[in-house]
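Subject: Structure handover

Hello,

Here is the structure you asked to look at. Please open it first, then read the notes below it.

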Amino acid sequence: MLRDDSADAEEPEEEIPEAPAVPVTQPGDLWLIGDQKHRLLCADCRDPVAVARLFEGSKAAVIVTSPPYATQREYDPASGFQPVKPEDYTDWYRAVADNIASVLAPDGSYFLNIKEHAEEGQRHLYVKDLTLAHVRQWGWRFVDELCWRKTDNGVPGGWQNRFKNAWEPIFHFCRQPQIKFRAEAVSHASEDVFGYSPDNPKSRSGSGLLGCGPRAEGEGLARPSNVIEAKAEGGQGTHSVPFPKAIPEFCIRAFSDPGDVIADPFLGSGTVLVAAALLDRIGYGTELSPAYCDVVVRRVTAALDCTAVLAGANQTFEEVAAERGVPVDPPASRHTTDARSIRHKNGMPYYGPRKRKGEPQPCPR
Ligand SMILES: C[S@@+](CC[C@H](N)C(=O)[O-])C[C@H]1O[C@@H](n2cnc3c(N)ncnc32)[C@H](O)[C@@H]1O
């Protein structure tokens, strides 16, 4: 029987730094982080000039993002962000999707995490419109819809006609049929694997499954499903809605190689940059709010134990803070920064639910 020591262990939460009242970052600042590899631009990701400046001709293997959920949040009002009405959302997002298309590698993958809210007892349909627009108007291929199942089971509520939400979709888009796919990087060792071969001519669905005989084919690597199990990270720091690092980690591992560029146009607290950096990829991203950019700089420099340098000025974050007369808080503790990376089971990445010490377990049925 397989034992899963690492997955059962209690893991400390990663501490996300608080957003400062007076940020060091100013709009237009480009921070080069950790040997100047990772790039963070304080700008509007709908602006093609800003996106071209961030990328400087590079292409991303994976773009993974969670944009504003229409009118559900205000984020940092000082950034000029205006919540977008559901009925305007697809039009607003078009510039984002165009800019993503301009910097995604031809065999790259783009993952979009967004879920519509409900109003007056009905879910909005704007995310459906958005998904359709990607394919029918903007030239994207729709690879799959992954499910992020929230292992903390969602926020309870007593709605009159529905139950609490405990999952969110992650839409996977690409530009061409052949994409970079590293299934083995997220597969796990199993004693009971199906046999399949991509060359099996009898498999019309493309699954490559060999025959329909007995299921067990012995030991090998079993692929995960398209359900990612991860706890929601809500309420961390003063950025209200970071997604769990397990989401970008899965997408990065499965669809890119070390050294590839990974990007997020809506960086928020910088989860994608941290995940990319810790997986030996190069993280790029934009964030509209100068205060959240400070959070990203402090979070990534703490995770990598490195410095951030302002492009063009060749000054560190601390030197820029001093020059601008802004107090800079000490970086977040390094001891908990890798807390939510991928766990391993028998030497392989493991995406199953986390058990936490002292937490009541569900009643067996
Ligand atoms: C849902 S949050 C992203 C959270 C992020 N995934 C994380 O883990 O922290 C959306 C972010 O997009 C930022 N934002 C909103 N409009 C933007 C724009 N036009 N360009 C860049 N960032 C924007 C907001 O300030 C907010 O931080």
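A residue is called buried if 20 or more other C-beta atoms lie within 10 Å of its own, exposed if 12 or fewer do, and partly exposed in between, with the C-beta atoms placed from the backbone. Helices (DSSP runs of H or I, at least four residues) and strands (runs of E, at least two) are numbered from the N terminus. This is a predicted model, in which local features need pLDDT of at least 70 and side-chain atom pairs count only at pLDDT 80 or more, while totals for chains, interfaces and linings use all residues. Residue numbers start from 1 along each chain as its sequence is written.

The chain as a whole

The chain has eight helices and 17 strands. Of its 365 residues, 37% are buried. Two residues are in contact if their C-beta atoms, placed from the backbone, lie within 7 Å. Among contacts between residues at least 6 apart in sequence, 72% join residues at least 24 apart.

The sheet

Two strands pair if DSSP finds at least two bridges between them. By that rule there is an open sheet of 11 strands with mixed pairing, in the order β11-β7-β8-β4-β3-β12-β13-β2-β1-β14-β15. Strands β11 (227-230) and β15 (315-316) stand at the edges with a single partner strand each, so one side of each has no neighbour in the sheet.

Helix α7 (residues 290-304) packs on this sheet and touches β1 (30-33), β2, β13 (282-287) and β14 (308-310). The direction of α7 makes about 165° with that of β2; axes here are lines fitted to C-alpha atoms, for helices over the stretch in contact, and angles run from 0 to 180 degrees between N-to-C directions.

Strands β3 and β4

How do strands β3 and β4 pair, in the parallel or the antiparallel sense? Strand β3 (residues 60-65) and strand β4 (residues 104-113) pair in the parallel sense, over five bridges. Ala60 stands opposite Leu104 in β4, Ile63 has Tyr110 as its bridge partner, and Val64 has Phe111. Six of the six residues of β3 are buried. In β4, eight of the 10 residues are buried, so this strand is largely enclosed by the rest of the structure.

The core

A nonpolar core is a set of buried Ala, Val, Leu, Ile, Met, Phe, Trp, Tyr and Cys residues joined through C-beta atoms within 7 Å. The largest one has 80 residues, and Ala60 and Ile262 have the most contacts inside it. Helix α7 gives the largest share of this core, 10 residues. As a general point, nonpolar side chains tend to be buried together in soluble globular proteins. Leaving out residues up to four places away in sequence, Ala60 touches Val103, Leu104, Ala105, Gly108, Val261, Ile262, Ala263 and Tyr284.

Helix α5 (residues 246-255) is mostly covered, with 10 of its 10 residues buried. Among them are the charged residues Glu249 and Arg253.

Single residues

Arg39 lies in strand β2 (residues 38-42). Why does Arg39 count as buried? Arg39 is buried because it has 23 C-beta neighbours inside 10 Å. Neighbours within four places in sequence aside, Arg39 is in contact with Leu30, Leu32, Leu54 and Tyr284. Arg39 and Leu310 are 271 residues apart in sequence, and their C-alpha atoms are 10.0 Å apart in space.

Tyr69 is in the loop between β3 and α3 (89-103), and is buried with 21 C-beta neighbours inside 10 Å. Beyond four places in sequence, Tyr69 touches Ile114, Lys115 and His117.

Most residues other than glycine have a negative phi. Glu56, in the loop between α2 (48-55) and β3, has a positive phi near 45°. Glu56 is exposed, with 9 other C-beta atoms within 10 Å. Glu120 has a positive phi near 50° and sits in the loop between β5 (118-119) and β6 (122-123). Glu120 is exposed, with 4 C-beta neighbours inside 10 Å.

The ligand

A residue is near a molecule if its C-beta atom, placed from the backbone, lies within 6 Å of it. The ligand is surrounded by 24 residues, the closest being Pro242, Phe266, Gly268, Ser269 and Thr271. The shell divides into 12 nonpolar, eight polar and four charged residues. Here Ala, Val, Leu, Ile, Met, Phe, Trp, Tyr, Cys and Pro count as nonpolar, Asp, Glu, Lys and Arg as charged, and the others, Gly among them, as polar.

Regards
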